[in-house]
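Good morning, and thank you for coming. Please look at the model on the screen while I speak.

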Amino acid sequence: KNAMSFDSASSEKIIVNSNITLNFGTGDFTYSLWGKINTTTSNPAFYGGGSGSNNPAANSGYLSIGVHTSQPTGYVGASRCWISGEVFNGTTIITDDNWHNIVLTRTSGVVQIYVDGNIEVMRDSSGNVVSNPTSSNSITNTNGISIGSFRTNANCINGSMSNAQIFNTALPATGSNSVETLYNNGSPLTSMSGYTSLVSWWKLDASDTYDGTNWA
């Protein structure tokens, strides 16, 4: 009752209309979600959105958070994030049929991926460590966003999601209202009191309803 399942064979996803509050430009932000991959499809995405369609090309304003299943060598099944044409690869394998909290932050251009409250060692497509990876591309939201896939039917997840959240600031790693407290020792928070920069929260739980066309 606290999560929503997605079936890639049926191209299941949730499309959220465009919203100017998610136009972060080149500024700071945080994206957080809880995900559980059952079976691995080709580069499945938990989240995708921006001004691009299904291809996060350079300067398209597109952002996605998903799993890379082809590279870098030795880290297939870890997290992959796109910020327009910029690619950021984590190293912790998340395609193990267990729940994981994945958080993406950008602070003054510096990008961090956290898995289960811990900062990821970032690697390029060849598997080489990248220190303090930076992002200068802009994020817009003119075409809306997708939960459970890229913007169109491609790259849907087989698995479950819960508590997809977006913040208009970069949460710190530790301390009050941080990535650490968001992870909460493996238990998704039920109250976001104190997180004043929270702009979107899709619980994906039993409180959601479906009328045959739209989720509420």
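Predicted model: local features only at pLDDT ≥ 70, side-chain atom pairs only at ≥ 80, totals over all residues.

Residues are numbered from 1 along each chain as its sequence is written, and side-chain values use heavy atoms, with hydrogens and water left out.

I begin with the cavities. Rolling a probe the size of a water molecule over the atoms shows where empty space is left. On a 1 Å grid over the protein atoms alone, a cavity is a set of points where a 1.4 Å probe fits but cannot get out, and lining residues have an atom within 4 Å of a point. A volume is the space filled by probe spheres set on the points, which are joined across faces, edges and corners.

How many cavities of 30 Å³ or more does the structure hold? There are two. The largest cavity contains about 60 Å³ of space. Its lining includes Tyr31, Phe46, Ile147, Gln165 and Trp202. Strands here are DSSP runs of E with at least two residues, and helices are runs of H or I with at least four, numbered from the N terminus. β12 gives the most to this lining, with four residues. By class, the lining of the largest cavity has ten nonpolar, two polar and no charged residues; Ala, Val, Leu, Ile, Met, Phe, Trp, Tyr, Cys and Pro count as nonpolar, Asp, Glu, Lys and Arg as charged, and the others, Gly among them, as polar.

The second largest cavity has a volume of about 30 Å³. Among the residues that line the second largest cavity are Leu22, Tyr31, Tyr47 and Asn141.

I turn now to the rings. Rings of Phe, Tyr and Trp (its six-membered ring) pair if their centres lie within 6.5 Å; planes under 30 degrees apart count as stacked, over 60 as edge-to-face and the rest as tilted. The structure holds seven such aromatic pairs. Why is the pair of phenylalanine 24 and tyrosine 31 edge-to-face? Their planes stand at 90 degrees, with the ring centres 6.2 Å apart, so the pair falls in that class. Tyrosine 31 is buried (under 20% relative accessible area, with a 1.4 Å probe and protein chains only), at 3% relative accessibility. Phenylalanine 24 is buried as well, at 11%. Ring pairs also link Phe24, Phe29, Tyr31 and Tyr47 into a cluster.

Thank you for your attention.

How values were computed
1 Å grid on protein atoms, 1.4 Å probe; cavity = no way out; pocket = protein on both sides within 12 Å on 5 of 7 lines; lining within 4 Å. Buried < 20%, exposed > 50% of the residue type's maximum accessible area, 1.4 Å probe, protein only.
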